[in-house]
Amino acid sequence: MFKKLREVFSRFIETASSLLSSREKLLESIEELKLSLVANDVAYEVAENIASELTRRVEEGSIKSREDLVKALREILLSYFTGLNSIDLLSLASSRKPLKIVFLGVNGVGKTTTIAKVAVYMRENGFKPLMVAADTFRAGAQEQLKIHSERTGIPVFTGKYGSDPAALVYDAIQYGLNRGFNVFLIDTAGRMHVDVDLVNELKKIVRVAKPDVKILVVDALTGNDALEQARFFNEAVGVDCVVVTKVDAYEEGGVPLSLVYILKKPVLFIGVGQDYKDLKPFNPIEYVERILTGLQ
Ligand SMILES: Nc1nc2c(ncn2[C@@H]2O[C@H](COP(=O)(O)OP(=O)(O)OP(=O)(O)O)[C@@H](O)[C@H]2O)c(=O)[nH]1
């Protein structure tokens with residue numbers, strides 16, 4: 001997990017701390033750091049910001065030792081995560097009754113699995129979730145949620161292929177409210193090649209569902225594509241927070257950092273496997289410690 005980014009920082013800290021007496025060489029090593037970051041899914045603007053913040057500290061003379069360097073990096077990285085609106089699904093679910101969540105994301109990123117994982121998490125915490133299969137466009141999407149429903153025992157509301165997804169969402173909410181469901185987990189279509197139709201469809205679903213939270217699901221393994229998807233969905237309907245999937249198999253490491261920098265929204269969970277339990281709250285301090293020093 002995040003192994004390559006950790007190697008990049010570790011190499012930089014070793015090299016740079018041996019060059020502290022030569023301002024010029026130190027600045028060169030910061031330039032090299034920037035390129036290595038970009039090669040590991042750190043978006044260019046983030047890498048540039050890290051480099052310019054480090055350079056500023058070198059210029060003002062506040063980096064005199066290896067410890068100063070690590071401290072500076074830690075502060076810079078953590079600063080990207082501070083001041084973001086934090087989201088706690090459990091307290092929201094307790095106060096909203098019902099809590100309505102719309103899940104956004106392109107096909108194949110692990111969206112339906114994530115919906116099932118979040119549904120299990122909500123049930124374990126005493127809520128009564130209903131999954132809503134509002135991707136009526138792709139053959140198989142409803143089937144997939146039905147399979148998760150059979151495996152988890154959490155009900156799913158489905159409709160006809162090709163039917164209006166917003167109407168399906170409306171019906172699902174009426175159905176669910178009448179039966180005491182208090183968390184609605186709404187799947188949406190994720191085809192990005194017909195942008196305009198998808199954007200209109202998502203806007204309509206959002207108008208009808210009036211969700212409390214819009215969660216974007218991205219696959220860490222897609223690197224820069226995940227960042228493009230984040231920009232696309234955020235412009236289309238707005239994103240409140242992100243779930244990054246397949247982190248268990250992800251070595252580059254830059255996706256969570258770049259997403260937060262670009263969206264200014266938190267990463268809520270990371271997916272760390274295929275089981276329903278493999279959903280972990282994302283902890284920015286742990287992430288930064290892991291990529292900087294390799295601590296757990
Ligand atoms: N290793 C790992 N695999 C995951 C994770 N999340 C999802 N997957 C797997 O990724 C594959 C795709 O997941 P789905 O949930 O079917 O993806 P989707 O976005 O709904 O995909 P479509 O149905 O194609 O739209 C499945 O084999 C999942 O088991 C994760 O966090 N880690």
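Is the crossing of α10 and α11 left-handed or right-handed?

Modeller: The crossing of α10 and α11 is right-handed; a crossing is left-handed if the near helix is turned anticlockwise from the far one by less than a right angle, and right-handed if clockwise. The model is predicted: local features need pLDDT of at least 70 and side-chain atom pairs count only at pLDDT 80 or more, while totals for chains, interfaces and linings use all residues. Residue numbers start from 1 along each chain as its sequence is written. Helices (H or I, at least four residues) and strands (E, at least two) are DSSP runs, numbered from the N terminus.

Two packed helices are described by the angle between their axes and the distance between the axes. For α10 (residues 224-236) and α11 (residues 255-263) the angle is about 25°, and the axes lie 10 Å apart. That angle is why α10 counts as roughly parallel to α11. Axes here are lines fitted to C-alpha atoms, for helices over the stretch in contact, with angles running from 0 to 180 degrees between N-to-C directions; under 35 degrees counts as roughly parallel, over 145 as roughly antiparallel, 65 to 115 as roughly perpendicular, and the rest as oblique.

On the α10 side of this pair, A226, L227, A230, R231 and N234 make the contact, and on the α11 side V255, S258, L259, I262 and L263 do. Contact means that the C-beta atoms of two residues, placed from the backbone, lie within 7 Å. Seven of the residues in the contact of α10 with α11 are nonpolar, two are polar and one is charged. In this scheme Ala, Val, Leu, Ile, Met, Phe, Trp, Tyr, Cys and Pro are nonpolar, Asp, Glu, Lys and Arg are charged, and the others, Gly among them, are polar.

Next come two further helix pairs. Helix α8 (residues 165-178) packs on helix α9 (residues 195-209) at about 20°, with 8 Å between the axes. With that angle, α8 is therefore roughly parallel to α9. The crossing of α8 and α9 is right-handed. P165, A166, V169, Y170 and I173 of α8 meet E201, K204, I205, V208 and A209 of α9. This contact has eight nonpolar and two charged residues, and no polar ones.

In the other pair, α6 and α7 pack at about 30°, and their axes are 10 Å apart. Here too the angle makes α6 roughly parallel to α7. The crossing of α6 and α7 is right-handed. The contact brings T112, A116, A119 and V120 of α6 to Q144, L145, H148 and T152 of α7. By class, the contact of α6 with α7 holds four nonpolar and four polar residues, with no charged ones.

At the level of the whole chain, the assignment gives domain 1 (3-79) and domain 2 (89-293); the bounds come from an automatic or database domain assignment. The C-alpha centres of domain 1 and domain 2 are 35 Å apart. Domain 1 puts 16 residues into the contact and domain 2 puts in 17. On the domain 1 side, α1 (3-17) and α4 (66-79) each supply at least two residues. That side of domain 1 comprises 10 nonpolar, one polar and five charged residues.

Two backbone details remain. The peptide bond from K97 to P98 is cis, with omega near 10°, and P98 sits in the loop between α5 (89-96) and β1 (99-104). F2, in the segment before α1, has phi near 60°, a positive value in a residue other than glycine.
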